[in-house]
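Student: I have this one open in the viewer and would like to go through it with you piece by piece. Could you keep the answers plain?

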Amino acid sequence: MQELIISPSILSLDYARVSEQLDTLARSKAAWLHFDVMDGHFVPNLTFGPDILKGFSQAVPQKMDVHIMVEDPQTYADVFMDAGADVLTFHAEALHNDPEAIRSLCAHIRQRGVLAGVSVRPGTPVNFLVPLLQDMDLVLVMSVEPGFGGQSFQPQVLLLRQRIDALGLTVRIEIDGGINAQTGALAVEAGCDTLVAGSYVFKNDIIKAVDSLICL
Ligand code: DX5
Ligand code: ZN
């Protein structure tokens, strides 16, 4: 398994104290910063545009891990790569789980020197991703339902982990939603190597929360 990466989600940042929190984050052991883009259509919420990404990428040394929850990933992938994304993850469902469309967008992202990620909602079966694994750098498994903890994603993650290892690929498995020290431990046990954590990091002591995840 690859080195464990922690990617705090700025969705839970305290926007009254942005500079202070980014300064602390810069000193933490988090290697990535998770940037949730929502368009109000693919998900019923609106978040950030590319200018915020540009600013944040100059403020911290972390790699910009951009998760676009949008209906039109083909357009917005470029917008956020232009703004400084180091990892660009789009949703398979936004492309109707169409293998050729997923392959083609991943290839475009990789051509630009950016890591290509594909995300699936908790209810989307992951089997269809297996033949596509070699075309991507990361799979982002959503586990956002509170109460499910680590258990809800384990079977899917295990399947992917086994297939990734059997194929000799270096695809990362990132998990996103409800991650704390307890659910993070379950996720790592199930084969995840990249943990997104929003409220757990930003509603607590940032340095200590990241430390508690990185040692899992
Ligand atoms: C949800 C986002 C997550 C979110 C995670 O759609 O993709 O990245 O910020 O937040 P927590 O860790 O608080 O569940
Ligand atoms: Zn996310």
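Student: Where is the place of Asp-78?

Tutor: Asp-78 sits in helix α3, and, since this is a predicted model, what I say about the residue is computed from predicted coordinates.

Student: Is Asp-78 buried, partly exposed or exposed?

Tutor: Asp-78 is partly exposed, because its relative accessible area is 23% and the buried class takes in only values under 20%.

Student: And which residues is Asp-78 in contact with, leaving aside neighbours within four places in sequence?

Tutor: With those neighbours left aside, Asp-78 is in contact with His-108 and Arg-112. The side chains of Asp-78 and His-108 are joined by a polar contact of 2.9 Å.

Student: Let's move to α4. How many residues does helix α4 have, and how far does it reach?

Tutor: Helix α4, residues 99-111, has 13 residues and reaches 18 Å from its first C-alpha to its last, which is close to the 18 Å expected at 1.5 Å a residue.

Student: Which residues of α4 are buried?

Tutor: The buried residues in α4 are Ala-101, Ile-102, Leu-105, Cys-106 and Ile-109. Viewed down the axis of α4, these buried residues fall within an arc of 130 degrees, so they line one face of the helix.

Student: What do the buried residues of α4 pack against?

Tutor: They pack against α3 (73-82), β4 (87-91) and β5 (115-120). Just after α4 comes Gly-113, which takes a positive phi of about 80 degrees.

Student: What about Asp-137, where is its place?

Tutor: Asp-137 lies in the loop between β5 and β6, the latter being residues 138-142. With a relative accessible area of 18%, Asp-137 is buried, because the class is set at under 20%.

Student: Which side chain does the side chain of Asp-137 make a polar contact with?

Tutor: The partner is the side chain of Arg-110, at 3.0 Å. Not counting residues up to four places away in sequence, Asp-137 touches Arg-110, Val-114, Leu-115, Ala-116, Thr-170, Val-171 and Arg-172.

Student: Now α5. What span should its 13 residues give?

Tutor: At 1.5 Å a residue, helix α5 (residues 154-166) should span 18 Å, and its end C-alpha atoms are 18 Å apart, which agrees.

Student: Which residues of α5 are buried?

Tutor: Gln-154, Gln-156, Val-157, Leu-160, Arg-161 and Ile-164 are buried in α5. They cover an arc of only 160 degrees around the axis, and therefore lie on the same side of α5.

Student: Which exposed residues does the face turned away from that buried side carry?

Tutor: That face of α5 carries the exposed residues Pro-155, Gln-162 and Ala-166, whereas the cover over the buried residues of α5 includes β6, β7 (172-176) and α6 (181-189).

Student: Switching to the ligand: how many residues surround ligand 1?

Tutor: Ligand 1 is surrounded by 15 residues, of which the closest are Ser-9, Asp-36, Asp-176, Gly-198 and Ser-199.

Student: Which polar side-chain atoms lie how far from its oxygen atoms?

Tutor: A polar side-chain atom of Ser-9 lies 2.8 Å from an oxygen atom of ligand 1, and for His-34 the corresponding distance to an oxygen atom of the ligand is 3.5 Å. In the side chain of Asp-176, an N or O atom is 2.6 Å from an oxygen atom of ligand 1. Taken alone, ligand 1 exposes 380 Å², and the protein buries 83% of that.

Student: Last one, Asp-65: buried or exposed?

Tutor: Asp-65 is buried, with a relative accessible area of 0%, and its place is in strand β3, residues 63-69. The side chain of Asp-65 makes a polar contact of 2.7 Å with the side chain of Ser-7. Among the residues Asp-65 touches, not counting those up to four places away in sequence, are Trp-32, His-34, Val-87 and Glu-174.

Conventions:
Residues are numbered from 1 along each chain as its sequence is written. Chains are lettered from A and ligands numbered from 1 in the order in which they are written. This is a predicted model: local features need pLDDT of at least 70, side-chain atom pairs count only at pLDDT 80 or more; totals for chains, interfaces and linings use all residues. Side-chain values use heavy atoms; hydrogens and water are left out. Helices (H or I, at least four residues) and strands (E, at least two) are DSSP runs, numbered from the N terminus. The expected span of a helix is 1.5 Å times one less than its number of residues. Buried means under 20% relative accessible area, exposed over 50%, partly exposed in between (1.4 Å probe, protein chains only). The arc is that of the directions from the helix axis to the C-beta atoms. Contact means heavy atoms within 4.5 Å. A residue is near a molecule or strand if one of its heavy atoms lies within 4 Å of it. A polar contact is a pair of N or O atoms within 3.5 Å; within protein, one must be able to donate a hydrogen and the other to accept it, and residues adjacent in sequence count only if both atoms are side-chain atoms. Accessible areas come from the Shrake-Rupley method with a 1.4 Å probe; for residues, only the protein chains shown count as cover.
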